[in-house]
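Got the viewer open and ready to click? Let's walk through this one stop by stop, picking something new to select each time.

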Amino acid sequence: MSLPSKADLRVVHYHPPVGLSTLFRPLPKVVAGKRPPLDVTYQPACGGPVLRFSAKASLGIPEQTLLLVLLELAREQLEAFARDVVVDASTSNIIGRELWSKLHIGGSGAGGSTLRLATTWHELNRRCGKQTGGSARALREQQLERLCEVVVWQSDGDDRRTKRQSFLVVWLVGDDDRIHLALNCGLASALLGQPYAQVSLSERLALKRDIPMALHAFLSTTLRPGHSLKIGVEKLIERLWPGSAATAPQGTHRRRRSDVLNGLTDLGRLQGWTVEWEREDLANVTRGSSSVRDMTSHKANKSRAYPEQAFAIIPSKINAVRAFDASGLFFNTNTSA
């Protein structure tokens, strides 16, 4: 399995706490219509804000793909329109003010900033690598609704025990097809100069199946290009299905183990990734220095106004982007897990 093109990697800047959390997990098809509730906590080992994500429905890997597409769009529109898409408590734009109000419950986001973006259902479907017809739109709407239902509780752990409440994503409908969205401030921070991980959407979509995609997103957050990580298969099983070893039937656990092994094999077939086995339950994963380049395709046209451009079907273009890669500030390199 090879990468579609080095020039079209569609690199997304991903907020590390979200990428390292277990917010998105592979879900069995039997619960597709009736998902268990979401209740996931991320507590960084090196200290920092504790995040708790809650919603009436768990998030699967397709929702993660959609979120990555939203981040891709947000970065392109930030590069094209700069301050026009930055939203904070002092925003005067009517749509921006309404998005900000919906995003932050009880004004708890005062002092921060985020990004708004505008797009169409057709564009979201196209970027997710799916069909663009009516059934695809209905599915994308359901996925976006699930993202918008996620409440994020942030506990700073300071002397005042500060706790903030916001949503992961919020949307406003412009018309039958056009939508306005805003991102959680944490997600936006990865696009506004804070540390970020680089996730290639082209690599992700080449993998096709949920479990390889889940492994790719996690390892892309954990590893920067040119570095390696030794990680046990059981560790990855526990990450994807917490408590599997202790609670799942032996047959289910064996199937999950096989799925992880096959997922790592698929990852190793991507250009820029190498998976070598030190023993049958321990893999050494290397992310090549050429696995991502800091670029994005489908970039917006700066010659057009933001409201007009945001609703257009943006043609595929290749554009080199210069940006400070702060991911090295948090990555562990050449480590074991």
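When this tour says two parts touch, pack or meet, that is contact, meaning heavy atoms within 4.5 Å. Helices (H or I, at least four residues) and strands (E, at least two) are DSSP runs, numbered from the N terminus. You're looking at a predicted model, where local features need pLDDT of at least 70 and side-chain atom pairs count only at pLDDT 80 or more, while totals for chains, interfaces and linings use all residues. Residues are numbered from 1 along each chain as its sequence is written, and side-chain values use heavy atoms, with hydrogens and water left out.

**Stop 1: a sheet with helices on it**

Select β4, β5, β9 and β8: in that order, these 4 strands make an open, antiparallel sheet. Two strands pair if DSSP finds at least two bridges between them. At the edges you'll find β4 (86-88) and β8 (169-173), each pairing on one side only. From one strand to the next, the twist averages 30 degrees. For angles here, axes are lines fitted to C-alpha atoms, for helices over the stretch in contact, and angles run from 0 to 180 degrees between N-to-C directions.

Now zoom in on β5 (residues 113-120) and β9 (residues 178-183), an antiparallel pair joined over 5 bridges. Which residue in β9 is the bridge partner of A118? Click H180 and you've got it.

Then show helix α5 (residues 134-148), lying across β8 and β9 and running at about 130 degrees to β8.

**Stop 2: where the helices cross**

Keep α2 and α5 on screen: their axes come within 10 Å and cross at roughly 80 degrees. The two are therefore roughly perpendicular to each other (angles under 35 degrees count as roughly parallel, over 145 as roughly antiparallel, 65 to 115 as roughly perpendicular and the rest as oblique). Show side chains for P62, E63, L66, L67 and L70 in α2, which meet R140, Q143, L144, R146 and L147 in α5.

**Stop 3: the other sheet**

Finally, select β2, β3, β6 and β7, an open sheet of 4 strands in that order, with antiparallel pairing. β2 (38-42) and β7 (163-167) each have a single partner strand, so one side of each is left without a neighbour in the sheet. The twist here averages 15 degrees from one strand to the next.
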